[in-house]
Amino acid sequence: IIMPDEMPFTITPELVAEVGNRFYIGGNWTGTTTDSFAVSIEAPDVVLDGNHYTLTGTLDSDDDTYQCAIVTGGLSNITIFHINATCWNQGVAFDHIDSAWIDQNNMYGNYNASIGISWSNGINIAGNTLQDNGENGLYVGDSENILVMGENHDGIPIPTVISGNPAGIFF
């Protein structure tokens with residue numbers, strides 16, 4: 001369990017080897033202007049369950065500190081679910097990810113987008129609520145095989161709701 005007083009928190013390959021690949025958020029957390037993330041995933045095959053807790057950024061839109069609730073890159077088989085994220089540049093930022101699930105999250109009021117995906121493949125987005133962001137509910141750039149109304153990580157089809165954004169989905 002990742003407790004709020006441990007955030008920002010980094011999930012490393014060494015930590016996964018020591019405690020396993022499944023992590024849980026243990027409470028609501030609010031970052032400071034110097035926190036660029038709440039959780040950084042640096043190991044493949046990780047499952048992050050937010051337990052419906054809220055990760056709140058500062059929404060400072062400061063170019064020196066780009067803030068994302070959950071950030072990961074260059075990995076495969078990442079699952080993120082049951083996270084509430086608000087007041088970040090992006091709620092979830094995926095960069096060079098191969099095969100992932102982003103499902104059953106509630107992301108709202110972020111400066112740029114609820115979910116940002118770049119140079120990734122095989123991302124399944126299901127059962128999310130992405131609303132009232134400054135630019136996009138979902139941003140996808142230079143990626144392929146992105147399934148927006150797909151199955152959650154348990155194989156159950158669940159629609160994603162995108163509303164109140166200047167652009168719902170931006171490719």
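1. Trp 29 is buried: its relative accessible area is 8%. Buried stands for under 20% relative accessible area, exposed for over 50%, and partly exposed for what lies in between, with a 1.4 Å probe and protein chains only. Trp 88 is buried too, at 1%.

2. A word on the basis. This is a predicted model, in which local features need pLDDT of at least 70 and side-chain atom pairs count only at pLDDT 80 or more, while totals for chains, interfaces and linings use all residues. Residues are numbered from 1 along each chain as its sequence is written, and side-chain values use heavy atoms, with hydrogens and water left out.

3. How many aromatic pairs are there? The count is two. Trp 29 and Trp 88 have ring centres 6.2 Å apart and planes at 20°, so they are stacked. This pair links distant parts of the chain, 59 residues apart. Trp 29 sits in strand E3 (residues 29-30), and Trp 88 in the loop between strand E9 (84-86) and strand E10 (90-95). The rule for a pair: rings of Phe, Tyr and Trp (its six-membered ring) with centres within 6.5 Å, stacked if the planes are under 30 degrees apart, edge-to-face if over 60, tilted otherwise. Helices (H or I, at least four residues) and strands (E, at least two) are DSSP runs numbered from the N terminus.

4. Tyr 139 and Phe 170 are also stacked, at 5.7 Å centre to centre and 15° between the planes. Tyr 139 belongs to strand E16 (residues 136-141) and Phe 170 to strand E19 (residues 167-170), so the pair ties together parts 31 residues apart in sequence. Tyr 139 is partly exposed, at 27% relative accessible area. Phe 170 is partly exposed as well, at 42%.

5. Now the backbone. Met 7 and Pro 8 are joined by a cis peptide bond, with omega about 0°. Pro 8 lies in the segment before strand E1 (9-11).

6. Which residues other than glycine have a positive phi? Gln 104 has one, at about 60°. Gln 104 lies in the loop between strand E11 (98-103) and strand E12 (106-108), and is partly exposed at 24% relative accessible area. Asp 132 also has a positive phi, near 55°. The loop between strand E15 (129-131) and E16 holds Asp 132, which is partly exposed at 48%.

7. Disulfides number zero. A disulfide would take a pair of cysteine sulfur atoms within 2.5 Å. For Cys 68, the nearest cysteine sulfur is that of Cys 87, 14 Å away. Cys 68 is buried, at 4% relative accessibility. Cys 87 is likewise in no disulfide, but partly exposed at 21%.

8. The largest nonpolar core has 38 residues. Ile 41, Leu 55, Ile 70, Phe 94 and Ile 117 have the most contacts inside this core. Its largest share, three residues, comes from strand E4 (residues 37-41). Such a core is a set of buried Ala, Val, Leu, Ile, Met, Phe, Trp, Tyr and Cys residues joined through side-chain atoms within 4.5 Å.

9. What does Phe 94 touch? Its contacts (heavy atoms within 4.5 Å) include Thr 72, Ile 78, Ile 80, Ala 100 and Ile 102. Gly 116, Ile 117, Ser 118, Ser 120 and Ile 123 are also among them. Residues up to four places away in sequence are not counted.
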